[in-house]
Amino acid sequence: MGLTKLYLALYNGASGLLWAYVLFSAIKSLASNPDASVMYENVKAVLYIAQTLAILEPIHSLLGLVRSPFITSVIQVASRILVLWGVVFLAPPAAAGVGCILITLSWSTVEVPRYSFYLLNLFGAVPSFLTYLRYSLFMILYPSGISGEVLCILAALPYIRDHHILTYSLPNSLNFAFDYGCILVFILLTYIPGSYIMYSHMLAQRKKVLGSSKDKSH
């Protein structure tokens with residue numbers, strides 16, 4: 001086994017296990033108490049680790065370690081990092097709403113089979129059901145995850161503006177103004193083309209992979 005293959009196996013295996021823990025912990029927490037803030041406290045440590053690790057994925061693509069398109073990888077990872085670190089982490093209302101539940105369950109449910117697929121694919125041992133899950137779950141979980149991200153931002157906006165989070169008003173020594181709330185509103189608008197790009201990409205991938213699988217079976 002080459003070093004690249006070993007590294008990718010360790011990366012995908014670790015990421016899959018982390019997301020599996022997030023999924024199991026979130027379901028367990030919600031089953032006993034449907035409060036989003038309680039669920040968040042139970043999963044946040046591992047959730048932040050699992051999602052932050054994904055920053056490596058665009059780098060993998062850029063270095064040619066994987067065949068994933070660089071742009072779509074950046075769009076997905078950047079939006080999640082922004083929502084997690086730039087919204088949920090900074091604004092408690094975002095962690096206490098239904099949006100937090102949606103992103104936690106949607107992200108973890110789609111990532112467990114995705115990383116499992118990548119891991120087993122390194123050894124040419126992907127079972128057909130896992131291939132189907134990898135290229136089908138997104139049809140429900142991408143819309144639910146994107147909805148959760150948008151709801152988190154909307155829930156955070158009043159808090160960020162009221163508490164002037166990452167906001168610098170004039171006059172100041174730098175003679176520079178920055179309104180983080182306005183930036184988040186602009187980012188919300190980018191979800192319209194961004195969501196279309198991501199969903200269209202996955203639909204094309206699904207047709208390519210599952211379509212070719214059906215052709216081979218005939």
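Predicted model: local features only at pLDDT ≥ 70, side-chain atom pairs only at ≥ 80, totals over all residues.
Local features were taken at pLDDT of at least 70 and side-chain atom pairs at pLDDT 80 or more, while totals for chains, interfaces and linings use all residues. Residues are numbered from 1 along each chain as its sequence is written, and side-chain values use heavy atoms, with hydrogens and water left out.

Rolling a probe the size of a water molecule over the atoms shows where empty space is left. On a 1 Å grid over the protein atoms alone, a pocket is an open set of points where a 1.4 Å probe fits, with protein on both sides within 12 Å along at least five of seven lines; lining residues have an atom within 4 Å of a point. Grid points are joined across faces, edges and corners, and a volume is the space filled by probe spheres set on the points. The largest pocket has a volume of about 840 Å³. Its lining consists of 30 residues, and those nearest the centre are Arg-67, Ser-68, Tyr-118, Arg-134 and Tyr-135. Helices (DSSP runs of H or I, at least four residues, numbered from the N terminus) contribute to this lining: H1 (3-32), H3 (56-62), H4 (70-88), H6 (98-121) and H9 (180-217) each supply at least two residues. The largest share, 7 residues, comes from H9. By residue class, the lining holds 15 nonpolar, 10 polar and 5 charged residues. Here Ala, Val, Leu, Ile, Met, Phe, Trp, Tyr, Cys and Pro count as nonpolar, Asp, Glu, Lys and Arg as charged, and the others, Gly among them, as polar.

The second largest pocket has a volume of about 330 Å³. It is lined by 20 residues, with Ile-75, Gln-76, Ser-79, Glu-149 and Tyr-191 closest to its centre. At least two lining residues come from each of H4, H6, H8 (138-162) and H9. This lining divides into 11 nonpolar, 7 polar and 2 charged residues.

Ser-61 is located in helix H3. With a relative accessibility of 12%, Ser-61 is buried (under 20% relative accessible area; exposed is over 50%, and partly exposed lies in between, with a 1.4 Å probe and protein chains only). A polar atom of the Ser-61 side chain lies 2.5 Å from the backbone oxygen of Ser-68. Leaving aside residues up to four places away in sequence, Ser-61 touches Val-66, Ser-68, Pro-69 and Phe-70, contact being heavy atoms within 4.5 Å.

The structure holds 4 salt bridges, each a side-chain nitrogen of Lys or Arg within 4 Å of a carboxyl oxygen of Asp or Glu. One joins Lys-44 to Glu-41, with the closest N and O atoms 3.1 Å apart. Both residues lie in helix H2 (residues 36-53), 3 residues apart, or about one turn of the helix. Lys-44 is partly exposed at 29%, and Glu-41 is partly exposed at 48%.

Arg-80 forms a salt bridge with Glu-111, at 2.6 Å between the closest N and O atoms. Arg-80 belongs to helix H4 and Glu-111 to helix H6, so this pair ties together parts 31 residues apart in sequence. Arg-80 is buried at 5% relative accessible area, and Glu-111 is buried at 2%. Glu-111 also pairs with Arg-114, where the closest N and O atoms are 2.4 Å apart. These two residues are 3 residues apart in helix H6, about one helical turn, and both are buried. Glu-57, Arg-80, Glu-111 and Arg-114 are linked in a network of salt bridges.

How values were computed
Polar contact = N/O pair within 3.5 Å; in protein donor to acceptor, adjacent residues only side chain to side chain.
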